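Let's take a walk through this one together. Keep the model open in your viewer and follow along from strand to helix.

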Amino acid sequence: MSLTKLVNYVPIISALALTACQGKPDKILLDYKFSQQEVNAIAEAQREWLEAADSAEMDIPLSVGFNSDEKPYGFLDPKRSSKAFFYKIDATNLGYEQLKAETGSFDPMGFALELTQIVFIEDKIQGLVEKGVYTTYGDAFYKIALHEYGHFLGLDHLTSPSSVMAHLIYDGVETCIDEETLEYYCNINECGQNKHSTCKGKK
Ligand SMILES: [Zn+2]
């Protein structure tokens with residue numbers, strides 16, 4: 001393994017710990033603001049976690065149909081329920097500063113609460129492209145989705161700098177579920193016999 005160049009790194013997430021006190025939600029509602037490409041990326045991120053785990057235990061149906069404009073700061077007061085909510089906001093949202101302050105993170109691209117919500121911050125993700133960390137918005141968004149979905153499934157950050165669950169995005173961080181991350185996942189969720197890293201054969 002070569003040393004990762006410590007340039008262009010940005011903190012992406014703050015995960016808030018939430019005690020698991022009930023089962024998984026029966027549905028994930030997606031903000032109508034997500035583009036079709038973003039909806040597809042979220043679905044693909046979920047599929048990648050399920051494939052790595054070789055288990056449908058955490059297979060939760062996704063559907064678009066939630067309007068964050070009707071509850072613009074709902075992500076500041078998340079409640080665990082039978083439905084999870086995935087928001088899309090940008091950093092001009094008045095709730096963003098409060099979210100930052102509460103999590104102690106200085107420039108997050110997204111936030112997740114276990115089995116409760118994910119918040120994607122569109123213009124901050126776009127910033128990854130402007131900083132040259134990613135060449136396309138789609139690549140950046142997928143990385144955030146895979147990482148945030150890991151938090152949604154109960155994972156905290158890992159110290160390995162190349163893990164998708166690393167706290168910072170570095171040049172060369174993999175967009176796949178590596179062995180260490182998978183073992184961590186399988187300690188807290190069900191995994192099947194054919195669990196496997198999704199990194200092989202992927203750039
Ligand atoms: Zn994170």
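**Starting from a strand pair**

In strand β7, Phe120 is the bridge partner of Gly110. That bridge is one of four that join strand β6 (residues 110-113) to β7, and the two strands run antiparallel. Together β6 and β7 make a hairpin with three residues between them. In the turn, look for Leu115, which has a positive phi of about 55°.

Before going further, keep in mind that this is a predicted model. The mean pLDDT of the chain is 86, and 86% of its residues reach 70 or more. Over residues 1-11, though, the pLDDT is below 50, and this stretch has 27 contacts in the model beyond near neighbours in sequence. Residues 14-21 also stay under 50, with 17 contacts beyond four places in sequence. Where pLDDT is low, the predicted coordinates should not be read in detail.

Now for the overall layout. The chain holds five helices and eight strands, and from the N terminus they come in the order β-β-β-α-β-β-α-β-β-α-α-β-α. Of its 203 residues, 38% count as buried. If you take the contacts between residues at least 6 apart in sequence, 69% of them join residues at least 24 apart.

Back to β7 (residues 117-121). Is this strand enclosed or open? Five of its five residues are buried, so β7 is largely enclosed by the rest of the structure. In a regular strand the side chains alternate between the two faces of the sheet. Here, Gln117, Val119 and Ile121 point one way, while Ile118 and Phe120 point the other way. β7 also has a partner in β5 (83-89): five bridges join β5 to β7, and these two run parallel. Within that pairing, Tyr87 stands opposite Val119.

Leaving out residues up to four places away in sequence, Val119 touches Phe75, Tyr87, Ile89, Gly110 and Phe111. Val119 is also one of the residues with the most contacts inside the largest nonpolar core, along with Ala45, Ile125 and Ala145. That core has 49 residues, and helix α4 (residues 137-152) gives the most to it, with eight.

So what does α4 itself look like? Its 16 residues should span 22 Å at 1.5 Å a residue, and its end C-alpha atoms are 22 Å apart, which agrees. Thirteen of the 16 residues are buried, so α4 is largely enclosed by the rest of the structure. Just after the helix, Gly154 takes a positive phi of about 110°.

Helix α3 (residues 122-130) has Glu122, Lys124, Ile125 and Leu128 as its buried residues. Ile125 is the one you met above among the core residues with the most contacts. After α3 comes Gly132, again with a positive phi, near 80°.

Where do its buried residues sit? They are Glu38, Ala41, Ile42, Ala45, Gln46, Glu48, Trp49, Ala52 and Ala53. These cover an arc of only 155° around the axis, which puts them on the same side of α1. On the face turned away from that buried side you'll find the exposed residues Gln36, Gln37 and Arg47.

What does the buried side of α1 pack against? Its buried residues meet β3 (27-31), β4 (62-66), β5, α4 and α5. Once α1 ends, Asp54 follows with a positive phi, near 50°.

Last stop: Cys176, in the loop between β8 (168-169) and α5 (179-188). Why does Cys176 count as buried? Because Cys176 has 20 C-beta neighbours inside 10 Å, and 20 or more is what a buried residue needs. Its C-alpha atom is separated by 8.7 Å from that of Lys200, a residue 24 places away along the chain.

Conventions:
Residues numbered from 1 in each chain as written. Buried ≥ 20, exposed ≤ 12 C-beta atoms within 10 Å, placed from the backbone. Core = buried A, V, L, I, M, F, W, Y, C linked by C-beta atoms within 7 Å. Contact = placed C-beta atoms within 7 Å. pLDDT = per-residue confidence, 0-100. Arc of directions from axis to C-beta. Expected span 1.5 Å × (residues − 1). Pairing = 2+ DSSP bridges.
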